[in-house]
Amino acid sequence: MAHVLAAAEPLTLLKRPTPQNDGFGDDNGSTEEKALKARRRESDPAAALAAARHEFGEHGGVNMSIEASATFTVMEPDTMRRLFTGELGPERGDLYIYSRHFNPTVLALGRQMAALEGTEAAYCTASGMSAISSVLMQLVGAGGHVVASRCLYGGTHALLSRFLPRTSGVKATFVDADDEAAVRAAMRPGETRVVYVETMSNPTLAVADIPMLARVAHEAGAKLVVDNTFTPVVVTPARLGADVVVHSVSKFISGGADIIAGAICGPASLVNAMMDLQDGALMLLGPTMNAKVASELAGRLPHLPLRMQEHSRRAAEFAARMRRQGLRVTYPGLPEHPHHARLRAMGNPGYGAGGMLCLDMGTEERANRLMYHLQNTTQFGLMAVSLGYYDTLMSCSGNSTSSEMDPEDRARAGISPGLIRMSVGYNGTLEQRWAQFERALALMQQETPAAAATAKYGKAV
């Protein structure tokens, strides 16, 4: 059966794009083609997913078949040559070479991801960090410059501040992405290739002004790359001006805390460039998604909108109740959040403000005591990194997912020592979970630090 990606132009296998190999061509196209792209971007993510082509199994199964082969045969010797020149490929004859290039099952998942994010195409990778690093290496190049938000996931911050400068001479300037003047001042004419932000910053939950950042980036000839891991379905960055959207699919999209995966969503020309035989980052670095993982994820995407609605509903209710308790809670769905109106303006109606909230307990010791009781005494949630699981996950960001950042960088990003990042789950009833939270909070507030240490370790310290 043919495998058609949701793309305005077909994907080739190995044909070299011309002349600029960052993967972005011009904006040519008929009025009808542009209108079609605009309608795709403006559609509800759930509707877009439902409208994406359904891939049936080999024998008519309602689920697509898993293509587990690493290599593919051809019937005629000359077909191999034509595959390597790009005359033939997945969209030109339904032909494949090798699963590091394209795999039918992974390509079908990419079609779903493109529909979800309203982009021309998508390529699914082995992890979120492989998606991020591949995109940056492709677009920035040796010696290039990136303007990035100063509050990012710790791994991305380390990639931009240490790894890429050491290996590729890439230079990064970290700024307050909410300050348009600061972003403009950081841009280096002819040198800045990418502006990089997260839709909702990890872990402080600042909401990026994507239309403003896209305008600033494009005026300087740069591309806006947005990490949408925290807000799939909730926000569609490509509709707001982002050029490329990246995901750690391991999180909300997977939903099961059992898969490591990533995705790159953007123009088909970018995917083609990244799969170039000579200098494509995806082709040569090889962060290939396993077809069995792709099949598993393809079965989870259709109910992602429903899961995000419930994540958002629970998080909003918990945040409101925590605030009434006098706790220092950060949640973009609260009217008091500085970017509440921005998220309402940018977000897709009906999906809320996402499933992440932050609770600042002031000190790491108080944060640890609360999390200890939340997990071990009342079973409210689990002390674990990651997010998007059906159970609530919580961690003290400063000593975990943001620990790659220097203390000074964490302070500038607003990551306090007592900040608990909480991914609100949806199992159990809301009232059951809230009672568990209240009980843990009361226990933490009643005990002294010495008593807490005795209860935890069995002796006074």
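Q: Does aspartate 178 count as buried, partly exposed or exposed, and at what relative accessibility?

A: Buried means under 20% relative accessible area and exposed over 50%, with partly exposed in between (1.4 Å probe, protein chains only). Aspartate 178, at 35% relative accessibility, counts as partly exposed. This is a predicted model, in which local features need pLDDT of at least 70 and side-chain atom pairs count only at pLDDT 80 or more, while totals for chains, interfaces and linings use all residues. Residues are numbered from 1 along each chain as its sequence is written, and side-chain values use heavy atoms, with hydrogens and water left out.

Q: Which residue meets aspartate 178 in a salt bridge?

A: A salt bridge is a side-chain nitrogen of Lys or Arg within 4 Å of a carboxyl oxygen of Asp or Glu. Here the partner of aspartate 178 is arginine 342, at 2.6 Å from N to O. Arginine 342 lies in helix H13 (residues 340-346) and aspartate 178 in the loop between S3 and helix H7 (180-186), so the pair ties together parts that are 164 residues apart in sequence; helices (H or I, at least four residues) and strands (E, at least two) are DSSP runs, numbered from the N terminus.

Q: What is the order of the strands in the open sheet?

A: Two strands pair if DSSP finds at least two bridges between them. The open sheet has 7 strands in the order S1-S7-S6-S5-S4-S2-S3, with mixed pairing. Its edge strands, S1 (121-125) and S3 (171-175), each pair on one side only.
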